[in-house]
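Opening the notebook on this one.

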Amino acid sequence: MKQQDQQNSQNEEANFTADIVHFDRMIEHANGGVHYPLHPSTQYTYNCVADLISVFQGKSKGNSPYSRQGTPTTAVLEAKLAKIEGGIGAVAFATGMGAIAATFLTLVKAGDHIVVSEHLFGNTASFFNTLEDLGIKITRVNATSVENVRAAIKQSTRIVFVETVANPGTQVPDLALIGDLCAQQSIVYVVDNTILSAYLFKPKVVKASLVIHSLTKSAAGQGQVLGGVVIDTGLFDWQNYPNIFVNYQKGDASKWGLQQIRKKGLRDMGATLSSQAAHQISLGLETLAIRMQRTSATALTVARFLQQHPKVAKVYYPMLENHPAHQQSCELFKAGSWLFSFELVDADQCLDFVDKLKVFIKATGLGDTRSLIIPVAHTIFWEMGAKKRQSMQISDGMLRVSIGLEESDCLLADLQQALS
C-alpha cells in the first residue's frame, strides 16, 4: 500500500503542469472551450425556488446565489489550487492579505491564543498587531526551532502560523517538527506558502492544516493581478475545534473550517476575488512550474555571484551552503524560489547602488516576470521602527530582490556595473 501511495505521488509530480493545463477542459461547460469561461454575473438564478433555498441554507451544492461568496469561475480556480496543493478544498480572496485576515478573524475569538513566527512579511506582522487590539493573544517566536514554539503553546492556543521562507530574511521555520507538534496537540497549523508555491513545496507534507498563498506572486506570476487563497489539506479534524459556529456543524466535518472561512470571510467581510482576476490567475498557473524552475536557477546563480563579490557583506538565500537552513531546505524544497536579500559592505551606499541599476526595477512587488529590488528598511519595514527591525535581523542596508525571467548574464552584468 505504501509503495502504491509513493507511486501515485510520483505520478502527480510528473504530471504537475499537464494536470493544470488540461484541468479546465475536463469540466463540462458550454461551447467546448479549452479554458473555462468567465462568469462575471453578480447573481445566479435557479429554476425552482426550493433549489435556491437549499443552496442558500447549505443543504445542497450549487452556484452561490450572490457572487460575493464566489462565482463558477472562482470555483474552478479554487478546485485547481486545491488539487495542486493536495487539498480537499479552497476559498479564493481578492488579495493574500484578504485570505490571511479572513482566516484568523473567522477562526479565533477574544481570549484565544496564536503562536506566530517573529520573521513575518511586514503587512502580516502588522495584521497580528491589529488582532491583539481585538483581544486575541499573540506570541511571536523564532520558529526556526520547534522548541521555541513548544514553549509558547498554552491551553488556549488555537493556531500556529509560519511562512515557508521569510520575507526578506529568508529564515526557514522548523517546518516538519512544528507540524508534528501541532498534530499531537490538535492545533491548527497554518503555513503561508506564497514564495515557494505548490511546485517547489507542499506544506501538507509537514502536516499543515491550512495553506495560504498570495496568488499575486508565484501563482499569477506577471505582476498584473491581485489574489489570495486558503486551502484545506484535509489533515485537521474540525470536529475537535471549539470555534466552529453551530450552523456550520453539519454534513462532512472535514469541510467545516473552509465553510466558516467562506461564510464569515467572504459573505460577511467581502474580500471577493473577481471572475476576471480568477481567470488571469488560472492562466498564470499554467506556466508556474516553468517559471519557478527558471527563477530559482537564476536566483541561485545571482546569489552565488553576490556572495563572492568583495563589496557584498552577506547574502540571504536558503540554497546557499552557508544558510542556517540549507540542509532542511534541500530536503524539503525542490529549489529556492525567486526571493533573496543581501547587504553591501558599505551600507551607506545601498541607495546609490540601487539607483545605478538599469535592468532591476525599483519596485515593492514580488514574483513578477521582471526582476525587482527594494531597500527594505526604508520602505516595507520602515513603519516598524529601528528596534523591531533589529530584532528581525533587518539591517538598514538590506536589499530585497525578486528575480524575474531575464537571462542570468543580463542580471549579472547589471549588478557588476552598479557595484563597480
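This is a predicted model: local features need pLDDT of at least 70, side-chain atom pairs count only at pLDDT 80 or more; totals for chains, interfaces and linings use all residues.

**Charges over rings**

I looked up Lys-334 and found its charged end over the ring of Tyr-199, 3.9 Å from the centre. My cut-off for a charge over a ring is NZ of Lys or CZ of Arg within 6 Å of the ring centre and within 35 degrees of the ring normal. Lys-264 does this too: its charged end sits over the ring of Phe-245, 4.5 Å from the centre of that ring.

**Ground rules**

Residues are numbered from 1 along each chain as its sequence is written, and side-chain values use heavy atoms, with hydrogens and water left out.

**Aromatic pairs**

I searched the whole structure and got 14 aromatic pairs. Rings of Phe, Tyr and Trp (its six-membered ring) pair if their centres lie within 6.5 Å; planes under 30 degrees apart are stacked, over 60 edge-to-face, and the rest tilted.

I picked Phe-104 and Phe-127: the centres are 6.4 Å apart and the planes at 55°, so I log the pair as tilted. Phe-104 is in helix α5 (residues 96–107) and Phe-127 in helix α6 (residues 122–133), so the pair ties together parts 23 residues apart in sequence. Helices (H or I, at least four residues) and strands (E, at least two) are DSSP runs, numbered from the N terminus.

Buried or exposed, this Phe-127? It is buried, at 11% relative accessibility, and Phe-104 is buried at 0%. The scale: buried is under 20% relative accessible area, exposed over 50%, partly exposed in between (1.4 Å probe, protein chains only). Phe-104, Phe-127, Phe-128 and Phe-161 form one aromatic cluster.

Next I checked Tyr-317 and Phe-340, whose centres are 6.2 Å apart with planes at 80°, so this pair is edge-to-face. Tyr-317 sits in the loop between β8 and α13 (326–332) and Phe-340 in strand β9, 23 residues apart. Tyr-317 and Phe-340 are both buried.

**The sheet**

I traced an open sheet of five strands with mixed pairing, in the order β8-β9-β12-β11-β10. The edges are β8 (312–316) and β10 (361–362), each pairing on one side only. Two strands pair if DSSP finds at least two bridges between them.

β9 (residues 339–344) and β12 (residues 398–402) run antiparallel over five bridges. Which residue of β12 stands opposite Phe-342? I found Leu-399 there.

I found a cis peptide bond from Asn-167 to Pro-168, with omega near 15°. Pro-168 is in the loop between β4 (157–163) and α8 (175–184).

Ser-186 is not a glycine, yet has a positive phi of about 55°. I place Ser-186 in the loop between α8 and β5 (188–192), partly exposed at 44% relative accessible area.

Ser-197 also has a positive phi, near 75°. Ser-197 is in helix α9 (residues 197–200) and buried, at 3% relative accessible area.

**Cysteines**

How many disulfides does a search of the whole structure find? I got zero, with a disulfide taken as a pair of cysteine sulfur atoms within 2.5 Å. I looked up accessibility for Cys-330, partly exposed at 41%, and for Cys-410, partly exposed at 33%.
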